[in-house]
Amino acid sequence: MADPTAIVAMDRNLALEVVRVTEAAALAAAQHAGRGDEKAADEAACTAMRRALNRLAMTGVIVNGEGDDQTQPLHTGETMGNGAGPKVDIVLTALEGRSICARGAHNALSVVALTEEGSFLKIPQHSYMEKIAVGPELPAGVIDLDLSAEDNLARIAEAKGLAVSDLTVSVLDRPRHADLIERLYAAGARVMLFDDGDMSGALAAGLPETGVDVYMGSGGAAQGVLAAAGLKCLGGRMQCRLLIRSEGDFMAARNAGIDDPKRKWDIDEMVKGEVMFAATGITDGHVLKGARLLPGNRALSHSLVMRSVTGTIRYLSVRHDLDRSRMLL
């Protein structure tokens, strides 16, 4: 029988190594921030992340990756790691917010989550989800996608002992959310709009220092699973449901192994096992400061590293000598 203390130590070491992966991707992307070239930023981040992942002591498989094109790095189904160590599943985004990175705007992140083999929900490529998320210390069942936005706000406010007018809701700034945003205003809540990167908007709901109480709206399904991994570490709650807008969406879900494409999932259904999570800022955001490129070919990165098994949350500010750390890039 495996020694539980040895397993915990192995997980701890792997969790701290995972942040090197997001640092590598973030520093690579940061060199393209504000230069107007989304493709160059994304390619740099993906290349750096792939290289760093393959150095980790694990046998990993990407469950929800950057796409299903097997000629591209970090595609779904790609095997990562050096072949030693535990078997793990991986969800990731090398660069969340390609357009905001290219524009030098807020909330671009690099994110990776690892869990034991077979524990992440597998979703169709390029699919979308309805999502609602809140932070820790709220009771089970407080949020429900079958309820209206107004009813969810009322339940959250009651659970927190607040008025609805005290709540701040993060929402991705998209035309499809125009009605939702107007209803939130009418209900009296504050709204914090995100230009891009709905994963960071959901994660913000789990971090009290961001001032966000709840995340609402729709966005990428892969980012939903990734956000669930982070919120599981934070003790938050989340509920998601695939957006089925056509017969094609329905068949894609069935082909991905989802028997009921219209079901609701909570965090423990999207992330069944214990999870390790790392994120590094590329540009300044509500969750993390962005990477800084400094004189003398140096850089400063800001990262968040978490483990659900212990509830540990670490913020890391790291100074890099890029001449000595070319392996990261």
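Analyst: Buried means under 20% relative accessible area, exposed over 50%, and partly exposed in between. The model discussed here is predicted.

User: Why is S200 called buried?

Analyst: S200 has 1% relative accessibility; the cut-off is under 20%, so S200 counts as buried. The residue is found in helix α6 (residues 198–204).

User: What is S200 in contact with, leaving aside its neighbours within four places in sequence?

Analyst: Its partners are E96, N107, L109, F194 and V287.

User: What makes E17 and R20 a salt bridge?

Analyst: The rule asks for a side-chain nitrogen of Lys or Arg within 4 Å of a carboxyl oxygen of Asp or Glu. For E17 and R20 the N to O distance is 3.3 Å, so the pair meets the rule. The two are three residues apart in helix α1 (residues 4–30), which means a separation of about one helical turn.

User: Why are E17 and R20 called partly exposed?

Analyst: E17 is at 32% relative accessibility and R20 has a relative accessible area of 46%.

User: Why does the salt bridge of D198 and K131 tie together separate parts of the chain?

Analyst: The side chains of D198 and K131 meet at 2.5 Å, N to O. D198 lies in helix α6 and K131 in strand β5 (residues 128–134), so the pair ties together parts that are 67 residues apart in sequence. Both D198 and K131 are buried.

User: How do you know that K160 and D213 form a salt bridge, and what is the accessibility class of each?

Analyst: Their closest N and O atoms are 3.4 Å apart, and the limit is within 4 Å, so the pair qualifies. K160 is in helix α4 (residues 149–160) and D213 in the loop between α6 and β8 (214–220), 53 residues apart. K160, at 35%, is partly exposed; D213, at 12%, is buried.

How values were computed: Residues are numbered from 1 along each chain as its sequence is written. This is a predicted model: local features need pLDDT of at least 70, side-chain atom pairs count only at pLDDT 80 or more; totals for chains, interfaces and linings use all residues. Side-chain values use heavy atoms; hydrogens and water are left out. Helices (H or I, at least four residues) and strands (E, at least two) are DSSP runs, numbered from the N terminus. Buried means under 20% relative accessible area, exposed over 50%, partly exposed in between (1.4 Å probe, protein chains only). Contact means heavy atoms within 4.5 Å.
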